[in-house]
Amino acid sequence: MLILGIETTCDETGIALLEFQNDNVKILKNELASQVKIHQKYGGVVPILAAREHKKNLPFLLKNIEKDFNLKKVDFLAFSVGPGLLPALVSGKEFVINLAKKLNKKIIPVDHLSAHLYSVLIEYKFNEWQKLKNVEFPALGLVVSGGHSNLYLMESFEKRRKLGETLDDALGEILDKCARALGLKYPGGPEIERYAKKGKTLFSLPKPMLQRGYTFSFAGLKTAFIQLLDEIKKYKNLDERLISDLAFSLQKTSFEILIYKLKKAKENFRVKSIIVSGGVASNQTLRKMIKFYFQKTKIYFPERILATDNGINIALAGYFLKEKVKNPEEIDVYPRS
Ligand code: KG4
Ligand code: ZN
C-alpha cells in the first residue's frame, strides 16, 4: 500500500511517500520545504505568510515525487487536518482536495498530534524495508512543540485521554519568544539548546502551576525570564556567557516542569512506556534528563529529524487511520484540538 502524506499545519511544507506491507514500511520519498527564513525576521510564524508559502511550495514538492513515481499508483492521500494555523491548513486542504479529485483517490484525515506520537515507530532510512516498532501500552504520551504541550494517558495510539495541556503558550513558543528576547534567531528552541550547553550559572526562575494536576502554564515563566533579562541588561552587557547562562536556566527550569508532571503521572498510572515527541523533543538535554529520571521505563523518542513537522509522520499515521478514509468533499480542517 502506498500512502502520500501531506503536512501544512504550521511553517513546514512536507510531502512524503511511504510504502506499507503488513507492518513493514519503506520510506520512498521525503520532500520538505522549510519556511524558517521567511518567518525569521518576524521572530515567529506569521500564519498568512505560512499559507502563501505552502501554496507556492506544494506543487514543487509534488513534482519532485512525480519525477520518480507514478502518483496514480498511490492508494491514499493522508493529510494533516489540524490542529494548526487555520490559513496554513486551508491552503493545504485546497491542494489536497484538488489532487485527490485529479487522481481519483480518497483522503485519510490525520490529527497532527497523533502523527507526532506515531513518529516514534519509524527510523529515518530510505528505500529499505523496516519493521514498524512496537510500543508497550499503557503509556504516557507527551507532545511538546511550537503549538502544543499535551500530556496523554494512552491505552493505544488511538485510545488516549488528555491528562493536561497548556493554559497559555506552548513550550516551543516560549523558547522561541525568550530566544528572541535574547537576540537569537528563530526558531529559538535549537538556539537555546546550543547556548545552554555552555551555560553554568543557574538563575532562579518560577515553575508555574506545578501543583495543578497535569496542567501546564508557561506564560509566567516567559514573563519572569524577560523581567530578569531586562534587570540584568541594566548593569551588564548581554555577552555570550550571559546568554548561555540564561538559556541554560530557561531550559533547565522548563524541562524540570515537564519531568515533574511526567513523574506525577507515572506515579498515578501504571504505565510501561513514555513517548515524548514534537519539535522540542529533538532537544538532547531533554532526552538525557528524561532517560535519567525514568531509568526503569521504556522511553520512546522520534529520531531528531522526525521530531519536527514533516510528511513522513503524516503518511505513517495515515496507515493506522486508514479505516477513517473520506471523500475529498468531506474533508474539514480544525485549528484547535
Ligand atoms: O513540532 P514542530 O516542528 O511544530 C509544531 O507542531 O509546532 O515544533 C516546532 C517547535 C519550535 O518552537 C522550535 O523552537 C522547537 O520546536 N524546537 C526545539 C528544538 N528544535 C525545535 N526546542 C528545543 N530544542 C530543540 N532542539
Ligand atoms: Zn508539529
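Strand S5, which spans residues 106-111, is mostly covered, since 5 of its 6 residues are buried; buried means under 20% relative accessible area, exposed over 50%, and partly exposed in between, with a 1.4 Å probe and protein chains only. Helices (H or I, at least four residues) and strands (E, at least two) are DSSP runs numbered from the N terminus. This is a predicted model, in which local features need pLDDT of at least 70 and side-chain atom pairs count only at pLDDT 80 or more, while totals for chains, interfaces and linings use all residues. Residues are numbered from 1 along each chain as its sequence is written, chains are lettered from A and ligands numbered from 1 in the order in which they are written, and side-chain values use heavy atoms, with hydrogens and water left out.

S5 belongs to an open sheet of 6 strands in the order S5-S4-S1-S2-S3-S6, whose pairing is mixed; two strands pair if DSSP finds at least two bridges between them. S5 and strand S6 (130-131) stand at the edges with a single partner strand each, so one side of each is left without a neighbour in the sheet. Strand S4 (residues 76-82) runs parallel to S5 and is joined to it by 6 bridges. Among the bridge partners in S5 are lysine 106 for phenylalanine 76 and aspartate 111 for glycine 82.

Threonine 8 lies in the loop between strand S1 (2-7) and strand S2 (12-21), where threonine 8 counts as buried because its relative accessibility is 0%. The side chain of threonine 8 reaches the backbone oxygen of alanine 88 at 3.4 Å. Asparagine 70, in the loop between helix H2 (47-66) and S4, is partly exposed, with a relative accessible area of 44%, and a polar atom of its side chain lies 3.0 Å from the backbone nitrogen of lysine 72.

Histidine 112 lies in helix H4 (residues 112-118) and aspartate 309 in the loop between helix H10 (304-307) and helix H11 (311-320), so the pair ties together parts that are 197 residues apart in sequence. Both histidine 112 and aspartate 309 are buried.

Helix H11 is itself mostly covered, with 9 of its 10 residues buried. At the start of H11, a side-chain oxygen of asparagine 310 reaches to within 2.8 Å of the backbone nitrogen of isoleucine 312.

Around ligand 1 there are 21 residues, of which Gly146, Asp176, Gly189, Glu193 and Gly279 come nearest; a residue is near a molecule or strand if one of its heavy atoms lies within 4 Å of it. The table gives polar contacts of this ligand, a polar contact being a pair of N or O atoms within 3.5 Å; within protein, one must be able to donate a hydrogen and the other to accept it, and residues adjacent in sequence count only if both atoms are side-chain atoms.

| Residue and part | Atom of ligand 1 | Distance |
|---|---|---|
| Serine 145, side-chain N or O | oxygen | 3.4 Å |
| Glycine 189, backbone N or O | oxygen | 3.0 Å |
| Asparagine 283, side-chain N or O | nitrogen | 3.1 Å |

The protein covers 92% of the 560 Å² of accessible area that ligand 1 has on its own; accessible areas come from the Shrake-Rupley method with a 1.4 Å probe, and for residues only the protein chains shown count as cover.
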